[in-house]
There are 2 protein chains.
Amino acid sequence: MSEKLELQLARGFRDFPPAEKILREDVINIIKEAFEIYGYSPLETPTIERLDVLEAKFGAGSDSDAVSEIYRFKDQGKRDLGLRYEFTFALARYIGMNPQTKLPFKRYQIGSVFRDGPIKAGRYREFYQCDVDVVGVSSTLADAEIISLLSFVFKKLNLDVVIEINSRKLLEDIMEVIEIPKDKKITTIITIDKLKKIGRKEVKKELILKGIAEEKCEKLLEVLLVEGSNLEKLEKIKNAIGDSKVANLKRGVEELTELFSYLESFKVDYLFLPSLARGLGYYTGPIYEVFLKNTIIMDSSIAGGGRWDNMIGKYLNKEESSFPATGVSFGLEPIMEIIKKRDGLGSSTTAKLFVIPIGKENINSAISITQKIREQNIPTIIDLMNKSVSKNLDYADKLKIPFVGFLGNDEIKENRIKIKNLMTGKEELLEVSCLKDFFFK
Amino acid sequence: MSEKLELQLARGFRDFPPAEKILREDVINIIKEAFEIYGYSPLETPTIERLDVLEAKFGAGSDSDAVSEIYRFKDQGKRDLGLRYEFTFALARYIGMNPQTKLPFKRYQIGSVFRDGPIKAGRYREFYQCDVDVVGVSSTLADAEIISLLSFVFKKLNLDVVIEINSRKLLEDIMEVIEIPKDKKITTIITIDKLKKIGRKEVKKELILKGIAEEKCEKLLEVLLVEGSNLEKLEKIKNAIGDSKVANLKRGVEELTELFSYLESFKVDYLFLPSLARGLGYYTGPIYEVFLKNTIIMDSSIAGGGRWDNMIGKYLNKEESSFPATGVSFGLEPIMEIIKKRDGLGSSTTAKLFVIPIGKENINSAISITQKIREQNIPTIIDLMNKSVSKNLDYADKLKIPFVGFLGNDEIKENRIKIKNLMTGKEELLEVSCLKDFFFK
């Protein structure tokens, strides 16, 4: 039987060897710390959920692709189950099952999600998402805080980004004013979303093909492509809407006016992009999307989110927007790709010191000393195989351990260790009991 | 459709609300830090693996229960897949697929594993394991280091434990000397494993029922139940084996003599328990199992492991023990149960400070000040809902946030904040720019 076994990963899956996993953990810890500085707390939901909960339409929004890509199976009791493909539905389920939860509920969740979809370069079937949401606040103050957190995280990661902002309400208002037919609104939004990619001319062509009158297309594109500072753009759109016959349609303008004022207090740089649409999902208010400034390195979005006021209420068969919510999802995979390109991979171990006993007879003394070093919380490896010094140095070099420590008869007698910096070659004879000062100075 | 949806978790699964997840993360971080101090590095393997790799007999040892409890499914390409039910097979597969890996390979892996098995109190179908193993070292020095790490982790967790140690080789040697029939060895080990639970008399009864001659039972139990210090017990067993006709059968004694000498250097407390058997899995040498000293709180093992020299070689169709390995798995779930009982749950948030703006007109100033506090890396929540002071205090109390900070006109003007300790009631007026000293002093 062992002859036939192919040693392979399942298609679309990957290992993270130590060097890669260490870098991932570093990045995740930076993101986690940022979430916690903003007062968001961790929630963990199971990897496996009931299929009916996963498939609930308002869970996936109209993201029917994601639902069709759920890994489905039954347990031995023949219950229909699936693997989670995102975290938002799980947060909605959690609040629904725990209605006593104190609001606002500020939570983050970081972990694997699964999609049985097509595999392309950089796309895997198990990947990490880092979600942060606040439930219970209808004020745009919550959206402003989330946008500020976006900016804070990317500053901590040293990534230069553009945060694009728009409002779903504003998009709807504009279409209402321009009198885009009700049954054409969704398809219009889909086309508008392509403005950045295919440009004004192509978008207009597509809209006309979809049956939107040319003058309406012109008017729509004119409004969506207003120029100027964020506030100037908003003012121009406000005037465009104000001129129309349905002057009370200013929900979006009001929402963004308030949001921009809060963002001013948060001191966040952002770009108001009236044509930003973010798919067709469950969003009900402000929407946001983050791109790396250097789009040559990465041109797809690396984080995005928005307000989703209706999902939890629908789950609970309560009034819509009885549980307002807003939040964002960080794409850990594109972020890791960027950081790997920028920094390269580091060490294959978190060990800072590799202890090399000189002479087999010294192994027991070397163990005792290594333990004294570990008690100072210094990540330390000791040669377990009685290898030669040159083989040990080669090992330390391959694993990129920054320091080696030699323990010969003299050092052991004096309770010292000869520390060598493998980068500079510099050697120092140090008291074992004082290594903490050396490593954590 | 939404009417019919039951808001339920899948059977055997659970959420970890923030207070629980925060405590779990604290414990995991202590374990991780201990692993890294010993120079073990993180590896991450996928949640989903090929079913043939999961089912390979040498992967599961003879743990056929675990294999029968694998969640099985197909992807859209009709490939047979399953969810991982432990980590050892994945380490073996990883080494097999990456034969260039520098040895010794010291790795840890922490994460969810899945078993579609019976549900009892405290048993779930998704649970965490924390595995730490070293591949490439045949010397018992590696076993000694792993046992020392066991002790180190439980000291860091402040748990008083007994580490029981035995050798599979010793068990086999003893059975050989006593001339337990070859085809009865496995069943004999299964019965011996029950000594602690059912006692000498019952074990003897069971052995006789299984067809072991009474005098052999007596001799076996006599050897396994020798008394004295660890070294005295080993000496007695050595003599018992030495008296026999197969005097060269001392692999186990030699192995343990060496191991105990290393453990002396590591300064580890342990209990040599000649009857410890640890199932029938893939173990080939020293085995270890950890119990809480206070067995009233928890009487099942909370960590266990041993040497598994043959699995990777078998995977690779290479000589057995060409990739010697030893390691241990920590049961995070029983450890969490104990710690929850001991410490209770803590705060539902990692926030240290809750900022309460006094007066709606001060919200924008309060945001600016909150941002100055967050820039000092102090986990901070600000009221997003313009609630009354009493409602805000109630919220801070329910979430167990240790400090609140009031921002009224005077404080804002002076760039100060009135900090109140919710435990002691003590109030202090502090400079916003100096809060770091207050919180991290």
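In the predicted model, Thr188(B), Thr191(B) and Ile192(B) of helix H8(B) meet Leu195(B), Val203(B), Glu206(B) and Leu207(B) of helix H9(B). The residues that make up this contact of H8(B) with H9(B) comprise four nonpolar, two polar and one charged. Helix H8 spans residues 185–192 of chain B and helix H9 spans residues 195–209 of chain B, and their axes, which come within 8 Å, cross at roughly 140°.

The relation between the two chains was examined next. Chain A can be laid on chain B by a turn of 180° with a shift of 0.0 Å along the axis, and the superposition gives an RMSD of 0.0 Å. The two copies are thus related as by a two-fold rotation axis. The residue of chain A that comes closest to this rotation axis is Phe73(A), whose C-alpha atom lies at 2.8 Å. The same surface serves both copies, in that 100% of the contact residues of chain A recur in chain B.

Across the interface, 85 residues of chain A are in contact with 86 residues of chain B. Helix H1 of chain A, residues 18–37, supplies six residues, the largest share of the side of chain A that touches chain B. By residue class, that side of chain A divides into 39 nonpolar, 21 polar and 25 charged residues.

When residues up to four places away in sequence are not counted, Ile147(A) touches Ile163(A), Ile165(A), Leu263(A), Val268(A), Tyr270(A) and Tyr288(A).

A further site concerns Arg251(A), which is found in helix H12 of chain A, a helix comprising residues 251–266. With 16 other C-beta atoms within 10 Å, Arg251(A) is partly exposed, because a residue is classed as buried at 20 or more such atoms and as exposed at 12 or fewer. Once its neighbours within four places in sequence are left aside, Arg251(A) is in contact with Lys169(A) and Asp173(A). Although Arg251(A) and Lys169(A) stand 82 residues apart along the chain, their C-alpha atoms are separated by 6.4 Å.

Definitions and conventions
Residues numbered from 1 in each chain as written. Chains lettered and ligands numbered in written order. Predicted model: local features only at pLDDT ≥ 70, side-chain atom pairs only at ≥ 80, totals over all residues. Least-squares fit on C-alpha atoms with pLDDT ≥ 70 in both. Contact = placed C-beta atoms within 7 Å. Helix = DSSP H or I, 4+ residues; strand = E, 2+ residues; numbered from the N terminus. Nonpolar A, V, L, I, M, F, W, Y, C, P; charged D, E, K, R; others polar. Axes fitted to C-alpha atoms, helices over the stretch in contact; angles between N-to-C directions.
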